[in-house]
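Here is a set of questions and answers on how one protein chain packs together, written for reading beside the coordinates.

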Amino acid sequence: PLPETLLVLQSFIIGFGAIPILWIAKDALKSRFTGIVFALMYLLYAPIQALNWHDFHMQAFLPLFFSLSLYYSMKNKWQKFFVFLYESIFK
């Protein structure tokens with residue numbers, strides 16, 4: 001019921017977007033360290049941080065949904081891929 005709740009939710013969603021990026025980089029490059037570096041680069045990317053500076057933005061959900069759909073397509077888990085792809089395109 002409070003606007004602050006949306007801002008906190010947005011912050012968590014932006015942070016959770018780093019997890020599938022970590023998984024993708026770790027699987028593709030076979031290095032946990034490189035996965036962590038890519039996840040940190042995502043979190044330090046200025047446009048991602050700008051999403052969180054002012055107001056609530058539905059676009060904050062897109063990096064999480066797109067990266068999860070990419071991850072599940074790499075793992076050939078097509079049902080989860082289509083769920084996250086649908087969420088990123090139609091929501």
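**Packing of a predicted model**

Q: Is Phe-65 buried or exposed?
A: In this predicted model, the relative accessibility of Phe-65 is 15%. Buried means under 20%, so Phe-65 counts as buried.

Q: Which residues is Phe-65 in contact with, leaving aside its neighbours within four places in sequence?
A: Phe-65 is one of the residues of the largest nonpolar core, and the contacts asked about leave out those neighbours within four places in sequence. What remains is contact with Phe-84, Glu-87 and Ser-88.

Q: Are the rings of Phe-61 and Phe-65 stacked or edge-to-face?
A: The ring centres of Phe-61 and Phe-65 are 6.1 Å apart, with the planes at 25 degrees. Planes under 30 degrees apart count as stacked and those over 60 as edge-to-face, so the pair of Phe-61 and Phe-65 is stacked.

Q: How many residues apart in sequence are the parts that the pair of Trp-23 and Tyr-71 ties together?
A: The whole structure holds 9 aromatic pairs, and in the tilted pair of Trp-23 and Tyr-71 the ring centres are 5.1 Å apart and the planes at 45 degrees. Trp-23 is partly exposed at 30% relative accessible area, whereas Tyr-71 is buried at 14%. Because Trp-23 lies in helix H2 (residues 18–29) and Tyr-71 in helix H5, the parts tied together are separated in sequence by 48 residues.

Q: Why are the buried residues of H3 on the same side of H3?
A: The buried residues of H3 are Gly-35, Ala-39 and Tyr-42. An α-helix has 3.6 residues a turn, so residues three or four places apart point the same way.

Q: Which exposed residues are carried by the face of H3 turned away from its buried side?
A: The buried residues of H3 pack against helix H1 (3–16), H2, helix H4 (46–51) and H5. The face turned away from that buried side carries the exposed residues Phe-33 and Leu-44.

Q: Which backbone oxygen does the side chain of Ser-69 reach?
A: Ser-69 is found in helix H5 and counts as buried at 4% relative accessibility. Not counting residues up to four places away in sequence, Ser-69 touches Phe-81, Phe-84 and Leu-85. At 2.8 Å, its side chain reaches the backbone oxygen of Phe-66.

Q: What is the phi of Asp-55?
A: Most residues other than glycine have a negative phi. Asp-55, in the loop between H4 and H5, is partly exposed with a relative accessible area of 45%. Although Asp-55 is not a glycine, its phi is positive, at about 65 degrees.

Conventions:
Residues are numbered from 1 along each chain as its sequence is written. This is a predicted model: local features need pLDDT of at least 70, side-chain atom pairs count only at pLDDT 80 or more; totals for chains, interfaces and linings use all residues. Side-chain values use heavy atoms; hydrogens and water are left out. A nonpolar core is a set of buried Ala, Val, Leu, Ile, Met, Phe, Trp, Tyr and Cys residues joined through side-chain atoms within 4.5 Å. Buried means under 20% relative accessible area, exposed over 50%, partly exposed in between (1.4 Å probe, protein chains only). Contact means heavy atoms within 4.5 Å. Rings of Phe, Tyr and Trp (its six-membered ring) pair if their centres lie within 6.5 Å; planes under 30 degrees apart count as stacked, over 60 as edge-to-face and the rest as tilted. Helices (H or I, at least four residues) and strands (E, at least two) are DSSP runs, numbered from the N terminus. A polar contact is a pair of N or O atoms within 3.5 Å; within protein, one must be able to donate a hydrogen and the other to accept it, and residues adjacent in sequence count only if both atoms are side-chain atoms.
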